[in-house]
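Please examine the model displayed below before reading on.

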Amino acid sequence: AVAAWVVVAAGPFCFGASGVLEKASPNRCTAMAEVPTSERTRVLRTSDDETMRETARRAAWFFVWSVFFSLTLGATLGTALWLSLTLQTNLLGPLAPGNTRIAHGYAQVFGFAALFVCGVAYHVLPRLSGRPWHRSPLLSLTLWGLVLGAATASLAALFGAHWRWLLLGHLGLVTGASAFAWTITTHLRGARVAVPLPAYLQLGCWWLVGATAAPLLFPALLVHAHNVLWEAVLWGFATNWIYGMSLRILPAALGLPWQSQRADWLVLALHQLAVASWCTGVAGTELGAGPAATISLRVGGILLAVAVAAYVYRVGFLQTVRVPVAHPMPGTEKFLVAAYGWLGVAAVCAPLAVGSGLAPHTGPAFDFARHAFTIGFLTQMIVGVSMRVIPTAAGIPIWSERLRDATFFLLNVAVVLRAGEAAAAWGGNLAWYHWSALSGPVAWSGFVAFAWNLIMSVRQRSRNTSNRSPDSPPERAHGR
């Protein structure tokens, strides 16, 4: 099955990604002294722009592998697992459900989410900082470290291999995460980027490094406490990056009023403290550390919910006044708004419910909250931003606006259906639990729609690319 999905999912996408842009070959050996000043400025600007486009082409492979993981061991395997559990049938063959769940987590968290965030980073940061990436083998080290690490860990978990194979996977993951953290840190050093954006991004990188390195220092986490790895990557790495980028994107895209920056560092510190306490409590509870772990878990849950509310207020979602939109994102605003709505739901159903003692840190409510976070918040932010960033960076239009809107509909319906799991556990009708079986196929369809739209988009050649500014909006795909 895995081999078949390699051909079906990865083959067309890799072929499509190879035609994103024609390779540029700027000549940096030109005798600039013989060129007039205005012409020299234009040539240097064009050269930097070509460097950014070359980086965008190389970063496209992060999207290739991200979608590959999602359509194989990520969303596809998770769909089969959830159908098997809710319909009380066996779609997994000889695979154990517990091993399948861990493999699904590795593929979706480290394969899909981490790789996609890294790809967006390599696309977006040069334009935010005004500085192109320098040629470095660290970009390739980041890609192959995360790819090989996620693949090794996922397959080792899926087939119940010895835990040392999981350690080998984490060795690759920590190598890729460390290379990524170092490139981001050095790139942001001295860059003209508004604070606290660099702090969010750099702290997010080191949360990823910590999550990938922790099992190498404490192998017991691989046997009894996989949940802490997902929580550290999702709330530590992914949320910090989304928070940082949202400070730059949301006010300009949604017309949110500018808020005072005096509370930025307080919100930043509160979130890091909350994630640290929450992850410590999750790990301690699963390892049987006693009352201290329970206290840490509850304190972290309450602080995390408060931090989410504080950030949402800081960005300006709760303000009734709107300002003119500086950089509109037509068709993708709904992804951003809905994503933060699901973030609030996830914070209430897991951290706040656990912190107040209304729900355990494992179980239906916790499971629904994690999927509300990963599908409702994280995936919708990824889809919404990438449907704007990738076309603008590559100079190509979205292939199908209807398919983009269908992706939005499918992802949100999937999360609503998944809520039947928590509703049934909290005293609702058991039929809601069985209806939640549809959430897997619906979410999978949303991933496929997004992947296909991305495949067809990157295969298009840009029109009049040389006459367009890199910051100008992409052309509309008329009639689609």
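The account begins with the chain as a whole and then turns to particular helices and residues.

This is a predicted model, in which local features need pLDDT of at least 70 and side-chain atom pairs count only at pLDDT 80 or more, while totals for chains, interfaces and linings use all residues. Residues are numbered from 1 along each chain as its sequence is written, and side-chain values use heavy atoms, with hydrogens and water left out.

The protein chain contains 15 helices and zero strands; helices (H or I, at least four residues) and strands (E, at least two) are DSSP runs, numbered from the N terminus. Of its 480 residues, 57% count as buried. Here buried means under 20% relative accessible area, exposed means over 50%, and partly exposed lies in between (1.4 Å probe, protein chains only). A contact means heavy atoms within 4.5 Å. Among the contacts between residues at least 6 apart in sequence, 83% join residues at least 24 apart.

Helix α8 (residues 226-254) and α9 have their axes 8 Å apart and pack at an angle of about 170°. The axes are lines fitted to C-alpha atoms, for helices over the stretch in contact, and the angles run from 0 to 180 degrees between N-to-C directions. The value makes α8 roughly antiparallel to α9, since angles under 35 degrees count as roughly parallel, over 145 as roughly antiparallel, 65 to 115 as roughly perpendicular and the rest as oblique. Among the residues that meet are Trp-235 and Tyr-243 in α8, and Leu-268 and Trp-278 in α9. The residues of this contact divide into 10 nonpolar, seven polar and two charged. In this division, Ala, Val, Leu, Ile, Met, Phe, Trp, Tyr, Cys and Pro count as nonpolar, Asp, Glu, Lys and Arg as charged, and the others, Gly among them, as polar.

Helix α8 also holds Ala-253, which is buried at 3% relative accessibility. The C-alpha atom of Ala-253 is separated by 7.2 Å from that of Glu-333, although the two residues are 80 residues apart along the chain.

Side chains of opposite charge can pair when their charged atoms come close. How many salt bridges does a search of the whole structure find? The search finds six, a salt bridge being a side-chain nitrogen of Lys or Arg within 4 Å of a carboxyl oxygen of Asp or Glu. In one of them, the side chains of Asp-264 and Arg-314 meet at 2.3 Å, N to O. Asp-264 lies in helix α9 (residues 264-286) and Arg-314 in helix α10 (residues 291-315), so this pair ties together parts that are 50 residues apart in sequence. Asp-264 is buried at 3% relative accessibility, and Arg-314 is likewise buried, with a relative accessible area of 9%.

A salt bridge also links the side chains of Asp-367 and Arg-418, at 2.5 Å, N to O. Because Asp-367 belongs to helix α12 (residues 364-394) and Arg-418 to helix α13 (residues 401-425), this pair ties together parts that are 51 residues apart in sequence. Arg-418 counts as buried at 8% relative accessibility. Arg-418 forms a salt bridge with Glu-421 as well, with the closest N and O atoms 3.2 Å apart. Both Arg-418 and Glu-421 lie in helix α13, three residues apart, which is about one turn of the helix. Glu-421 is buried too, with a relative accessible area of 7%. Leaving aside neighbours within four places in sequence, Glu-421 is in contact with Trp-82, Pro-364, Asp-367, Phe-368, Tyr-433 and Ser-436.

Two residues remain to be considered. Thr-100 is placed in helix α3 (residues 97-129) and is buried, with a relative accessible area of 0%. A polar atom of the Thr-100 side chain lies 2.8 Å from the backbone oxygen of Ala-96. Not counting residues up to four places away in sequence, Thr-100 touches Leu-77, Leu-81, Leu-92, Leu-95 and Leu-158.

Is Gln-88 buried or exposed? Gln-88 is exposed, with a relative accessible area of 71%, and its place is in the loop between α2 (37-86) and α3. Most residues other than glycine have a negative phi. The phi of Gln-88, however, is near 50°, a positive value in a residue other than glycine.

Conventions. A polar contact is a pair of N or O atoms within 3.5 Å; within protein, one must be able to donate a hydrogen and the other to accept it, and residues adjacent in sequence count only if both atoms are side-chain atoms.
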